[in-house]
Amino acid sequence: MECIFCKIINGDIPSYTVYEDDVVKAFLDINPTTNGNLLIVPKKHYENIIDIDLTTLNHINKVAKKLYSLLKEKLHIDGLTLIQNNGLGQEIKHYHLHLTPRYVDDNIKHSFNKDLLIDIKDVYQKLTSE
Ligand code: 5GP
Ligand code: ZN
């Protein structure tokens with residue numbers, strides 16, 4: 001079994017686990033963007049949002065709500081951004097939800113290539129045409 005997150009779930013690789021139940025494990029990201037950066041990972045291996053079932057997704061969201069409260073209480077975070085990568089941008093091919101705490105002075109910026117943008121009406125047309 002090659003999957004790093006399966007190894008963390010099984011305890012073969014150590015992690016700073018802050019929450020665990022029968023369905024998920026939530027641990028600190030080894031390469032955090034901000035303090036308290038957590039990953040919520042289902043114990044069963046699903047690759048992405050297409051593969052995972054809705055009951056597990058719902059459970060992950062419930063845990064995200066719980067952990068937001070924990071982060072507010074213990075780290076006094078100012079906000080929380082949820083990110084979940086699929087395909088391009090997904091380094092680990094085992095479904096996971098990133099919880100990225102925001103702090104007033106964290107200076108996080110989302111940079112992107114505006115030159116790739118086409119007219120919004122053309123995007124809408126593509127998405128809604130048969
Ligand atoms: P992705 O790019 O797949 O959405 O995010 C994968 C995340 O997993 C990255 O933020 C990366 O820092 C984190 N990560 C990768 N390997 C490990 C590890 O061995 N332990 C922990 N705790 N996090 C990891
Ligand atoms: Zn896995």
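## Exercises: a zinc ion and a ligand

The donors of the zinc ion (ligand 2) are spaced C-x2-C-x38-H-x48-H along the chain. This is a predicted model, where local features need pLDDT of at least 70, side-chain atom pairs count only at pLDDT 80 or more, and totals for chains, interfaces and linings use all residues. Residues are numbered from 1 along each chain as its sequence is written, chains are lettered from A and ligands numbered from 1 in the order written, and side-chain values use heavy atoms, leaving out hydrogens and water.

**Exercise 1.** Work out which atoms coordinate the zinc ion (ligand 2), and in what arrangement.

*Solution.* Start with the donors (N, O and S atoms within 2.8 Å of the metal, or 3.2 Å for Na, K and Ca; water is not among the atoms, so sites may look incomplete). They're Cys3 (SG), Cys6 (SG), His45 (ND1) and His94 (ND1), at 2.0 to 2.3 Å. Next, check the angles: they run from 101 to 118°, so the arrangement is tetrahedral (for four donors, all angles between 85 and 135 degrees).

**Exercise 2.** Find the polar contacts listed here for ligand 1.

*Solution.* Look for pairs of N or O atoms within 3.5 Å. Take the side chains: an oxygen atom of ligand 1 is 2.8 Å from an N or O atom of Asn85, and an oxygen atom of ligand 1 is 2.8 Å from one of His98. Then try the backbone: a polar atom of Glu91 is 2.7 Å from an oxygen atom of ligand 1.

Definitions and conventions
Four donors count as tetrahedral if all angles lie between 85 and 135 degrees; four count as square planar and six as octahedral if opposite donors are over 155 degrees apart and all others between 65 and 115; anything else is irregular. A polar contact is a pair of N or O atoms within 3.5 Å; within protein, one must be able to donate a hydrogen and the other to accept it, and residues adjacent in sequence count only if both atoms are side-chain atoms.
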